[in-house]
Structures are given as structure tokens and as C-alpha cells.
Amino acid sequence: MDKFLIKNTTREQREQIIRDSLNCGGGGCENCSACGAYGAIEPYEMYQPYIDGIKEIAEITKEFQTSYLR
């Protein structure tokens with residue numbers, strides 16, 4: 001969706017998008033450790049390049065899938 005692209009959002013909006021989508025700290029995390037099971041870092045940290053305006057969400061997700069889900 002174009003509305004989530006870096007060029008269409010502020011840093012604050014991107015941070016909220018990630019926080020809402022991952023529901024980190026919002027009671028949505030069941031502490032299942034699935035992130036660690038796939039070798040990923042904390043999900044919020046994984047999407048930090050998006051928040052910082054460096055990479056789009058799709059790029060980060062694709063890199064994760066390519067690297068960890070074989």
C-alpha cells in the first residue's frame with residue numbers, strides 16, 4: 001500500500017505503523033519466542049531501517065524471508 005511508503009510518511013508515522021502492526025508492548029505479543037526461533041532479532045529492531053527511512057517494509061521482509069526461511 002502506497003500510504004505506508006517512506007516517501008508518504010513521517011518518521012513518527014512509520015514508528016507507529018511498526019508498533020501497531022507488531023503490537024509490541026500492546027498485549028499482542030504472546031512471548032512465544034518465534035522471532036528467536038527463526039534467528040531474527042527483536043521484530044521492532046528488524047524494522048528499524050524502515051522507521052529511519054532507509055528501507056521499505058517489503059524490502060526488510062523479503063530479506064528476512066530469504067535469509068531465515070529456507
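Me: How many helices and strands does the protein chain have?
Reply: Helices (H or I, at least four residues) and strands (E, at least two) are DSSP runs, numbered from the N terminus. Here the protein chain has 5 helices and 0 strands. Along the sequence the pattern reads α-α-α-α-α. This is a predicted model: local features need pLDDT of at least 70, side-chain atom pairs count only at pLDDT 80 or more, and totals for chains, interfaces and linings use all residues. Residues are numbered from 1 along each chain as its sequence is written, and side-chain values use heavy atoms, with hydrogens and water left out.

Me: What percentage of the residues in the protein chain is buried?
Reply: Buried means under 20% relative accessible area, exposed over 50%, and partly exposed in between (1.4 Å probe, protein chains only). Of the 70 residues in the protein chain, 20% are buried.

Me: What is the accessible surface of the protein chain?
Reply: Accessible areas come from the Shrake-Rupley method with a 1.4 Å probe; for residues, only the protein chains shown count as cover. The total is about 5100 Å². Carbon and sulfur atoms hold 52% of that surface.

Me: What should helix 1 span, at 1.5 Å a residue?
Reply: The expected span is 1.5 Å times one less than the number of residues. Helix 1 (residues 11-22) has 12 residues, so it should span 16 Å. Its end C-alpha atoms are 17 Å apart, which agrees.

Me: Which residues of helix 1 are buried?
Reply: They are R14, I17 and I18. These cover an arc of only 90° around the axis, so they sit on the same side of helix 1. The arc is that of the directions from the helix axis to the C-beta atoms. On the other side of helix 1, E12 and D20 are exposed.

Me: Where does T9 lie, and is T9 buried or exposed?
Reply: T9 is in the segment before helix 1. Its relative accessibility is 12%, so T9 counts as buried.

Me: Which residues does T9 touch?
Reply: Contact means heavy atoms within 4.5 Å. Not counting residues up to four places away in sequence, T9 touches K3, F4, R14, I17 and Y50. A polar atom of the T9 side chain also lies 3.1 Å from the backbone oxygen of L5.

Me: Where is the place of G53?
Reply: G53 is in the loop between helix 4 (48-51) and helix 5 (57-68). At 30% relative accessibility, G53 counts as partly exposed. Leaving aside neighbours within four places in sequence, G53 contacts I6 and R14.

Technical notes
Polar contact = N/O pair within 3.5 Å; in protein donor to acceptor, adjacent residues only side chain to side chain.
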